[in-house]
Amino acid sequence: MKKNCYPFVLLLIISTPLSAQELPVNGLPAVPPSAGNAMEVMPLVAMPDTVTAPQIELPPVDANILKAANQQATSVVPQQLQVKPGINELIPIAVGHLNRLVTPFDNPVVTTTSQATTSTKGKIVYVATPDETPVTLYITPGDNQDIALSLTLIPKRIPAREIHLSLDIDTYKILTKLQQQSSNTVGKAADKEQEYITTLKQLFRNLGLQKTPPGFSLREPSHAESIHCHQDRLQISTGQLLEGQDLLILVGVARNTGVTSTEFNERACATGNDEVLAVAAWPKVVLRPGEATELYVAVRRPAEQTATLRPSLLNRSVP
């Protein structure tokens, strides 16, 4: 009995650890070692209540770079266009806005039958149109018609435009010559005008000094030769007339007949039928009640009076 039980007990001792490794206590399959270790190494992490975006710090940008970028995105570059006289150019412009045409002419003159509004300032021509009807116009350098730029402006729904017009070399040479001649003519006319004003001032100065200007003769004025000044509370009387080759100077007296002081207005004497060239008062301009001052009024002599008749020798006996 004891010999037969010994092998059975030994077998039971050896098989017990093997059965423990094969089956867990709860009878479920065993978990692989790697999975079991992973579950033990990775702890549970609590999730935050809110998600915070990562903070990224951008480098600063120069203000000039931002300004240049904005200008490039919003500005419209002026158009450069070479035009030739005799060739019509089609140019888009903005409808409902003021457009600017920079011409090569010193004093451009615009000729058009369009209803568009045009104006000139120096070399600039401004054009504005309220609708999309094409605007045809000619631009000339002053009153000279030798050079004329023919333009047809096409209004569109675009921003206001600035267009620089230029000429080819041959046309520009002709324009330069014409503008130089015009400038010389204008300069001579301005010199003559300034000389004429200086002459009138000298004549009035001599009258104020009670002198008869050279080239003038003193006589009594006729009934038709009188000073007319339309100013209240001033009594005007004409007493002398100085007669020159192409100029008449009327000398009179202006008296304040009011009860308050009044200032003499020279423009009030430029409303007569004669072509009044200049008016001056001496020695006073502001007159108190009862005061008087002398008036000098220069008028252009009528054309029929500028020529002096010469008596014929045939109408008298020759000795």
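Predicted model: local features only at pLDDT ≥ 70, side-chain atom pairs only at ≥ 80, totals over all residues.

User: What is the strand order in the open sheet of five strands?

Analyst: Reading across, you get β10-β11-β12-β16-β14, with antiparallel pairing. From one strand to the next, the twist averages 30 degrees.

User: What makes β10 and β14 edge strands?

Analyst: Each of them pairs on one side only. That goes for β10 (217-219) and for β14 (276-282).

User: How do you know that β11 and β12 pair?

Analyst: Two strands count as paired with at least two bridges between them. Strand β11 (residues 234-243) is joined to β12 by nine bridges, so the pair passes that cut-off. The two run antiparallel, and a hairpin of three residues links them. For one example, I236 has A254 in β12 as its bridge partner.

User: What about β16, which strands does it pair with?

Analyst: With β12, there are nine antiparallel bridges, and L248 stands opposite V299 in β16. With β14, strand β16 (residues 292-300) has six bridges, again antiparallel; there, W282 sits opposite E294. Both counts meet the cut-off of at least two bridges, so both are pairs.

User: Why is strand β12 called largely enclosed?

Analyst: A residue is buried when its relative accessible area is under 20%. Eight of the ten residues of β12 (residues 247-256) are buried, so the rest of the structure largely encloses this strand.

User: And what holds paired strands together in general?

Analyst: Strands of a sheet pair through backbone hydrogen bonds.

Key
Residues numbered from 1 in each chain as written. Heavy atoms only, no water. Helix = DSSP H or I, 4+ residues; strand = E, 2+ residues; numbered from the N terminus. Axes fitted to C-alpha atoms, helices over the stretch in contact; angles between N-to-C directions. Buried < 20%, exposed > 50% of the residue type's maximum accessible area, 1.4 Å probe, protein only.
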